[in-house]
Amino acid sequence: MPGKLEFSFNSNRLDDFVLDKEIMTIGRKDDNDIRVDNLAVSGHHAKLLTIFDDSFLEDLGSTNGTYVNGRPITKHPLKNGDVIVIGKHELRYINDSNSASDDDKTVLIRRQPGLNTSPGAQLNEPTNKPGSIAADLNTAKLQILNGKGAGKELALQKPSVKLGKSGMEIVQINKRPDGHFIVSLDQEGESSLLMVNGEAVGSRAVKLNNHDVIEINKLKIEYYLAV
């Protein structure tokens, strides 16, 4: 289930907005998804990007800034209970699916081909020889590992796949002759939300290997080659 924003002014609840679109904008102009009729709010003030069950907030260079829990932000991964302040209005982010701790979330564990997991067995690397089915990049998929979207899959059949669109992409995966490479599109460098196997990607393009775990904020996604 997507999250929602509880919209209020002077502690009076005005409306609720379900984040059921990938991109939603907030601002004073009529063409925004969430319109805030206040002179302290810019025409196009902020943008919300929702990927699976997680939402990210970005200030669009507004005059008076966008605040989350009292702090000014440029880009911010939203968490359940976060309070966004735009002008004199508040929007409280509600999303029960990302309020649980990592230990409470369902994680799917995929047995790796060629890996003997019996007690006392010696661990062997999966076999991905060139020309084998497992090495065929056309079989590559992403699978969500945690949260309410656990188990959902996306086939990487296009030369380039982005998670997000319209100027607020978070991640891009490119298919090259020698493999899939992932890159963060976050321009804030060290504050990148993207990690692979627990290591920050930063500004690098990182080659993905079978069963690598991609992490965007706390959302975990497995990259694997289907057999």
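1. Two strands are treated as paired if DSSP finds at least two bridges between them. In this predicted model, strands S1 and S2 are joined by 6 bridges and run antiparallel. Phe 7 has Asp 15 as its bridge partner in S2. The two strands form a hairpin with 2 residues between them.

2. The turn of this hairpin deserves a comment on its backbone. Most residues other than glycine have a negative phi. Asn 10 is not a glycine, and yet its phi is positive, about 55°. This residue is found in the loop between S1 and S2. Asn 10 counts as exposed because its relative accessibility is 56%, and exposed residues are those over 50%.

3. Is Asn 197 exposed or partly exposed? With a relative accessibility of 47%, Asn 197 counts as partly exposed, since that class lies between the 20% and 50% limits.

4. A pair of aromatic rings is described by the distance of the centres and the angle of the planes. The structure holds 1 aromatic pair. The ring centres of Phe 7 and Phe 17 are 5.9 Å apart and the planes stand at 65°, so the pair is edge-to-face; planes over 60 degrees apart fall in that class. The pair links distant parts of the chain, with Phe 7 in strand S1 and Phe 17 in strand S2, 10 residues apart. Both Phe 7 and Phe 17 are buried.

5. The bridge partner of Glu 6 in S11 is Arg 92.

6. Another open sheet of 6 strands has the order S13-S12-S21-S20-S17-S18, again with antiparallel pairing. Strand S13 (153-155) and S18 are its edge strands, each pairing on one side only. Within this sheet, S20 and S21 run antiparallel and are joined by 5 bridges. Glu 215 stands opposite Lys 220 in S21.

7. Which residues have the most contacts inside the largest nonpolar core? That core has 26 residues, and those with the most contacts are Val 171, Ile 173, Ile 182, Ile 214, Ile 216 and Tyr 223. Strands that each supply at least two residues include S5 (46-51), S12 (140-144), S14 (160-163) and S15 (171-176). S21 gives the most, with 4 residues. The core draws at least three residues from each of domain 1 (4-94) and domain 2 (140-225). Apart from it lies another core, of 19 residues, among them Leu 19, Ile 73, Ile 84 and Tyr 93.

8. Phe 181 is located in strand S16 (residues 179-184). Arg 176 lies over the face of Phe 181, at 4.1 Å from the ring centre. Phe 181 is buried because its relative accessible area is 10%, and the limit for this class is under 20%. The C-alpha atoms of Phe 181 and Asn 209 are separated by 9.3 Å, although the two residues are 28 residues apart along the chain.

9. A last point concerns Ile 34, which lies in strand S4 (residues 34-35). Its relative accessibility is 0%, and Ile 34 therefore counts as buried. Ile 34 and Lys 47 are 13 residues apart along the chain, and their C-alpha atoms are separated by 9.7 Å.

Key. Residues numbered from 1 in each chain as written. Predicted model: local features only at pLDDT ≥ 70, side-chain atom pairs only at ≥ 80, totals over all residues. Heavy atoms only, no water. Core = buried A, V, L, I, M, F, W, Y, C linked by side-chain atoms within 4.5 Å. Buried < 20%, exposed > 50% of the residue type's maximum accessible area, 1.4 Å probe, protein only. Domains from an automatic or database assignment. Phe/Tyr/Trp six-rings, centres within 6.5 Å; stacked < 30°, edge-to-face > 60°. Lys NZ or Arg CZ within 6 Å of the ring centre and 35° of its normal.
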